[in-house]
Amino acid sequence: MALWARTQQLPPEALKQVQQAYSNYNNFFPIEVRHFFAPWIEDQNWNAIDVNLREHEVFAKQLLENLVQLIDQKANVTEDFLGRLQFQDFAQKFQEHYGDQPLRFVYVVKMFLGKEEELLKLAPDSVAASEMFVRTEAQEKLKRDIKQQTERIDRSTQEADTELRDMHLLQEKFVIDYQTHAQMAARLARVQCDGRPPEEVQRLQQTKEQMDRMLLQSAQTILQQRLALAEKHKKTLTEIEQLQKKVVDEELISWKRKQQLCLNGAPFDTSLIDTLQGWCESLADLIWRNRQQILRVDSLRQQLPIEVPEGYSDIQPELNQAVTSLLSSLVTSTFIVEQQPPQVLKTSARFSATVRLLVGGKLNLNMFPPRVKATIISEQQAKILLQNVEPPRGQKCGEILNNEGQMDFHNATGQLSVVFRNMTLKNIKRADKRGGEVHAIAEEKFCIHFTSEFNVGGNELKFQVWTLSLPVIVTVHGNQECQATATFIWDNQFSEPGRIPFQVPDSAPWIEVAKMLSTKFHQMTGRALTEDNLRYIGTKLFGQTGNMPPDPTKIQIRWHQFNRENLPGRNFTFWEWFWAVAKLVKEQLKSPWMDGLIIGFMDRQESNDMLLTKPNGTFLLRFSDTTLGGITIAWVANSNENVDRQVWNLAPFTIKDFAIRGLADRIKDLPALVNLYPDTPKNDAFAKYFTPATDPNQEQSGYVKSTLVLTVLDGQSLGAHGGGTSYYDVHTPLDGANPLSPGSDCWSSAMTPRPENATACGDTMMDDGSRDLPVTVGDLADTDFNNIKDWLLSIGSKAQPDVM
């Protein structure tokens, strides 16, 4: 599958990055050229040209001339005036930008192609882009097949309608002929009674016998037509049933499954429901027309009863039941929850949901729109409903306010639906709690039960319909959201169609769990997890350090392992750690994460190994193993006056820290941080995230504005102390102040060896014996440091006072 075709199938967030890449880059390469000349661009062997070799300039120039020629040809054949001017402008600008530097042209093309490949790798589920194209083609084929099948059934229904009219006419003729026959029989009887001449009696007798034979023949013809039409209806209903299974039992169920996975973050085409409605309406129309035909046949049979002789099967009585059953199944199956309520419901908080009847327009329910009622039921009550058992009356699981509404018909779209915008869960009645309090609440599943009833065909048919929402978890406090989310994403990902509510496997394959985690992380942060990310995450779940098991595809992840059991040596579960990281990125680090500036998922040893291969000042960002929702900055620098080098780690920053000062500004504050791993200058990587400097002269209040700045000073010694354990105090001077300089209003301590047996607030012992470096950010504007400065100058850097 072509690269550009796969790129166009990327999710909206990734496509936005593609558009920004083509529009924001300094070098000229419009996305229109990429689109219209994609086959030619991808057919060229760009990698064969080394942009650093002057000898390859002739090949680059030839490629440039070929592309410009193609653009000129496109301009000449474009009928649209503005389009022709646009392509002429493209050709001219390619010559202006790259005519003297064709190797630059090759470099730009290779850069954009590489960007597309990178985005495809980062797309949800990695291979989803190419598979999406295959699924799109399969969907188009499905549409064609359903259309052809619908048209075939429609033709058969029209033929049956024609045959029914012919049979009706024949029966009417039979009735007229029968009346004539009756008159002839009465006349013959009178003639015989009156003693008329034998010739007249014989003539009338022959005419009557001839009419008898004609009526008998007509009756046989009518009977044959009835039997043939019944067989035709049976065949048509069989085809309708097959089509209905494909639409309702396969495609509608598939849509519900996609809707369920969408709540975990998977891509979801919301327009599919409109396609499904079109199919369902076609089915409803075909079923209704065939039902009307069957009812007309029943009426004709009642008007002219003709017994079916022995040896023939009369299937007409079965047809009415069969067609009514098809209609009932279609109506009840197409009463759906179009927009699910939030799966974590908080008491007293408003929530919304949308219920839709896909065949409402065809059943003319817009004339008398039905009302829909919503109630919350427990898992046990849902099981009783699916067993077709009437639930005990008076057993309320909870109370929902604003839980009734009338369906509205939208003429423009043909939709019959009701939107509950202001539902509120007033209270909830829970089952007896089992296990821990938090887990019992966060794992107890409920659902919203939507019900309605309406009449069809002038009160001829009465339908009572209901549908269930996906499972919801009811919470009373925000701290239950983490556990509740774990419950519903596990349920969404691993529940099976047709299950008993709301059973879900207790374990799942690692590859499926990894897919779920990547999808959820992408939903929250805008970028999916890479294979390296998932490898590291897998080692945490498997309880191993550094390496994945030999064959992780065979490993099953248990629910307790996922969200019940604490990680080794920690007081939190795997899910709590993962959720905290995702919230940190979502709320404070989303843009740097989407730009690929945060590696994040790696352990300390891997971080050390990577940084020690790079020059001093190289740093990276990784998520903390010990602090929930923490991210640390690790960098490489000399550890003492000699050439020994060491990786240093700042104590993890959390959401609260970034609410005070952002990540980019903290990185800007630290001169020890030079290049983001592997070799990107930090200003190039983070400059667009720096807080713009304010001009003090613009202050109108009469006060000089202060700013918080994170500072780490290069001291005389960064040597290891006590087996490589290092300690930093990181203080915050005022904006523009030079620590320890004359006239400075604040100070920052130098990085010195930590005194043996000393302790400090925020110092965290790690598994490998090293320590995170405690960081403090505070406004010191009200502190007088004159005495401390004098004392420090008198003793040099032999001691480090704790002034924070």
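Start by selecting G596, which comes after helix 18 and has a positive phi, near 75°. Keep in mind that this is a predicted model.

Now step back into helix 18 itself, residues 574-594. Click on Q588: there's a kink of about 90° here, shortly before the proline P592.

Next, pick D595 and K688, whose side chains meet in a salt bridge, 3.0 Å from N to O. D595 sits in the loop between helix 18 and helix 19, and K688 in the loop between helix 22 and helix 23, so this pair ties together parts 93 residues apart in sequence. K688 is exposed, at 61% relative accessible area, while D595 is partly exposed at 38%.

Jump to R291 and E460 for another salt bridge, 2.8 Å from N to O. R291 belongs to helix 10 and E460 to the loop between strand 9 and strand 10, so the link joins parts 169 residues apart in sequence. Which partner is buried here? R291 is, with 4% relative accessibility; E460 counts as partly exposed at 40%.

For a salt-bridge network, select R34, E42 and E116 together. The structure holds 28 salt bridges.

Last stop: F81, L82 and L85, which make a nonpolar surface patch of about 320 Å². L82 lies in helix 6 and counts as exposed, at 61% relative accessibility.

Notes:
Residues are numbered from 1 along each chain as its sequence is written. This is a predicted model: local features need pLDDT of at least 70, side-chain atom pairs count only at pLDDT 80 or more; totals for chains, interfaces and linings use all residues. Side-chain values use heavy atoms; hydrogens and water are left out. Patches are made of residues with over 30% relative accessible area and no salt bridge: like charges are joined within 9 Å, nonpolar side chains (Val, Leu, Ile, Met, Phe, Trp, Tyr) within 5 Å. Accessible areas come from the Shrake-Rupley method with a 1.4 Å probe; for residues, only the protein chains shown count as cover. A salt bridge is a side-chain nitrogen of Lys or Arg within 4 Å of a carboxyl oxygen of Asp or Glu. Helices (H or I, at least four residues) and strands (E, at least two) are DSSP runs, numbered from the N terminus. Buried means under 20% relative accessible area, exposed over 50%, partly exposed in between (1.4 Å probe, protein chains only). The expected span of a helix is 1.5 Å times one less than its number of residues. The bend at a residue is the angle between axes fitted to the seven residues ending there and the seven starting there.
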